[in-house]
Amino acid sequence: MSISKAAISKISQDNIEKRLQIERLIEATRIVASSAGSDVVKGLTQTPKSLPPWYFYDDRGSELFEQICELPEYYLTRTETSILQQCAGEIAKITGACELVELGSGSSTKTRILLNAYQQLGYPLRYLPIDVSAGILESSARQLLADYPSLQVHALAGTYELALAQLLPRQLSSRMLCFIGSTLGNLQPQQCDVFFSQITDALQVGEYFLLGIDLQKPKHIVEPAYNDCLGVTAAFNLNMLDHLNRRFEGNFDTTQFEHWAFYHETEQQIEMHLRSLRSQTVQLKSLNLTVNFAADETILTEVSRKFDLNTIQQQLTAWGLAPRHVWTDPNQWFGLLLCQLQAI
């Protein structure tokens, strides 16, 4: 007896559902203090004004960031991808069978390189993606499950802090936390210390931490990556205001702000701002907040620090995250570090 295409499709879908678990930590916790907008109030009432970069990542922001990663000016993604393609097999051999936990997973495109390496060695595949955008988290998880028939996915929609604190005990013999894409650069040094503390708390001795970092390089290489000629990064930056409008009943007029990003060579970091084109007043009704902007006043939306490879290795070692192996590209533009938690 032949089976209809509809029946085959249903069997396939049922199989995916059995291998997929999604925890919506954002909804369960109402995003804790952030849902009340206390971080927005604090940022917009201080001088100079700022906003937490996680507000970039509603579903639209996540889509725009995926587009940024494909831009010719944005060297970070293609450089890190080329490194991963060369070293993924070595990473899998070093760690052995382990479940992958990825912070800020997005579309999980680069994660496929790691999954392929573990699959080639015959290891079981278990993946725990973490992202604040529940929409892109679910869509990418379902695509992965369709492409990897033996994969198990336990997705967590929430902030890094929430998700790391609620990780269940591992099901495989080891675990590797992945923080690739140089997102560490968005954290100030003091925030890095808090983050590394959360990482060590989430790992057991002997488990692994895979970190991707953008390395220090000349301004003429770095700055165009945040000022692309198609204006995708500008749209990504301005979308933060649309996100605030939706979440907090705001009336930001995105046509009255502009994207401004520059490389601060002394601090070795990109600063990304939204600059007010005129004097204006904005309201966020659900926060009972009124914000006045002077012409040319800015909101700092992101800092992207660039790292010295030797310095970051020393910092990781101090936290008990001993670098086992370091890979870079021929230009020394990007670094990928595989660390293992040691007993201190």
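**Labels and their cut-offs**

Modeller: Let's start with serine 182, which counts as buried because its relative accessibility is 3%, and buried means under 20% relative accessible area (exposed is over 50%, partly exposed in between, with a 1.4 Å probe and protein chains only). Keep in mind that this is a predicted model, where local features need pLDDT of at least 70, side-chain atom pairs count only at pLDDT 80 or more, and totals for chains, interfaces and linings use all residues. Residues are numbered from 1 along each chain as its sequence is written, and side-chain values use heavy atoms, without hydrogens and water.

Colleague: What makes the phi of serine 182 worth a remark?

Modeller: Its phi is positive, about 60 degrees, though serine 182 is not a glycine. Most residues other than glycine have a negative phi. You'll find serine 182 in the loop between S6 and helix H10 (189-202); helices (H or I, at least four residues) and strands (E, at least two) are DSSP runs, numbered from the N terminus.

Colleague: Why is glutamine 268 called partly exposed?

Modeller: Its relative accessible area is 23%, so it falls in between the buried and exposed cut-offs. Glutamine 268 also has a positive phi, near 55 degrees, and sits in the loop between strand S8 (257-264) and strand S9 (269-276).

Colleague: Why is H5 called oblique to H8?

Modeller: Helix H5 (residues 59-68) and helix H8 (residues 134-147) pack at about 60 degrees, with axes 7 Å apart. That angle makes H5 oblique to H8: under 35 degrees is roughly parallel, over 145 roughly antiparallel, 65 to 115 roughly perpendicular, and the rest oblique. The axes are lines fitted to C-alpha atoms, for helices over the stretch in contact, and angles run from 0 to 180 degrees between N-to-C directions.

Colleague: And what makes H5 and H12 roughly antiparallel?

Modeller: H5 and helix H12 (residues 232-248) pack at about 160 degrees, with their axes 9 Å apart. So H5 and H12 count as roughly antiparallel to each other. Residues making the contact (heavy atoms within 4.5 Å) include Leu64 and Phe65 of H5 and Val232 and Phe236 of H12.

Colleague: How do you know that strands S13 and S14 pair?

Modeller: Two strands pair if DSSP finds at least two bridges between them. Seven bridges join strand S13 (residues 321-328) to strand S14 (residues 334-341), so they pass, and they run antiparallel. Threonine 328 stands opposite glycine 335 in S14.
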